[in-house]
Amino acid sequence: VLYIMGEHQQALGAADQALALYPQARGTLMLKAEILKGLGKHQQARQIQEKAEFLPVGNWSEQLSIQ
């Protein structure tokens, strides 16, 4: 939400907090790259995006039926 509202510096802090909990979160890394682009830090954004591209997508789930 902070990113969408244009609050890039606060959004960056929130993304960093999330990444402290789960550093391999592909979606969060991609979001951080977009935030950095919004701050004009294109080189840093590109490095993070390249790293994130090879991580697994986190939209899978496992299900187990309980009987």
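Contact here means heavy atoms within 4.5 Å. With that settled, I opened the predicted model and started on the whole chain.

**Entry 1: the chain overall**

I looked up how far apart in sequence the contacting residues lie. Among contacts in the chain with a separation of 6 or more, 36% come from residues 24 or more positions apart. I then went through the secondary structure and found three helices and zero strands, so the order from the N terminus is noted simply as α-α-α.

Next came the surface. The chain has 67 residues, and 22% of them count as buried. Its accessible surface is about 5,200 Å², with 55% belonging to carbon and sulfur atoms.

**Entry 2: H1 against H2**

How do helix H1 and helix H2 pack, by angle and by distance between their axes? I found an angle of about 155° for H1 (residues 8–21) and H2 (residues 26–38), with the axes 9 Å apart. Since angles over 145 degrees count as roughly antiparallel, H1 is roughly antiparallel to H2. I also noted that the crossing of H1 past H2 is left-handed.

I listed who makes this contact. From H1 come His-8, Ala-11, Leu-12, Ala-15, Asp-16, Ala-18 and Leu-19. From H2 come Thr-28, Leu-29, Lys-32, Ile-35, Leu-36 and Gly-38. Sorted by class, the contact has eight nonpolar, three polar and two charged residues.

**Entry 3: Lys-32**

Is Lys-32 buried or exposed? Its relative accessibility is 15%, and because buried means under 20%, Lys-32 counts as buried.

I checked its partners too, leaving aside neighbours within four places in sequence. Lys-32 is in contact with Leu-12, Ala-15, Asp-16, Leu-19 and Ile-48.

**Entry 4: Gln-49**

My last stop was Gln-49, which sits in helix H3 (residues 42–53). Its relative accessible area is 21%, so Gln-49 is partly exposed; the cut-off for buried is under 20%.

Which residues does Gln-49 touch, once neighbours within four places in sequence are left aside? I found Met-30, Ala-33, Glu-34 and Lys-37. I followed up on Met-30: Gln-49 and Met-30 are 19 residues apart in sequence, while their C-alpha atoms are 5.7 Å apart in space.

Key: Residues numbered from 1 in each chain as written. Predicted model: local features only at pLDDT ≥ 70, side-chain atom pairs only at ≥ 80, totals over all residues. Heavy atoms only, no water. Helix = DSSP H or I, 4+ residues; strand = E, 2+ residues; numbered from the N terminus. Buried < 20%, exposed > 50% of the residue type's maximum accessible area, 1.4 Å probe, protein only. Areas by Shrake-Rupley, 256 points an atom, 1.4 Å probe, with all protein chains shown as cover. Axes fitted to C-alpha atoms, helices over the stretch in contact; angles between N-to-C directions. Parallel < 35°, antiparallel > 145°, perpendicular 65-115°, else oblique. Left-handed = near helix turned anticlockwise from the far one by under 90°. Nonpolar A, V, L, I, M, F, W, Y, C, P; charged D, E, K, R; others polar.
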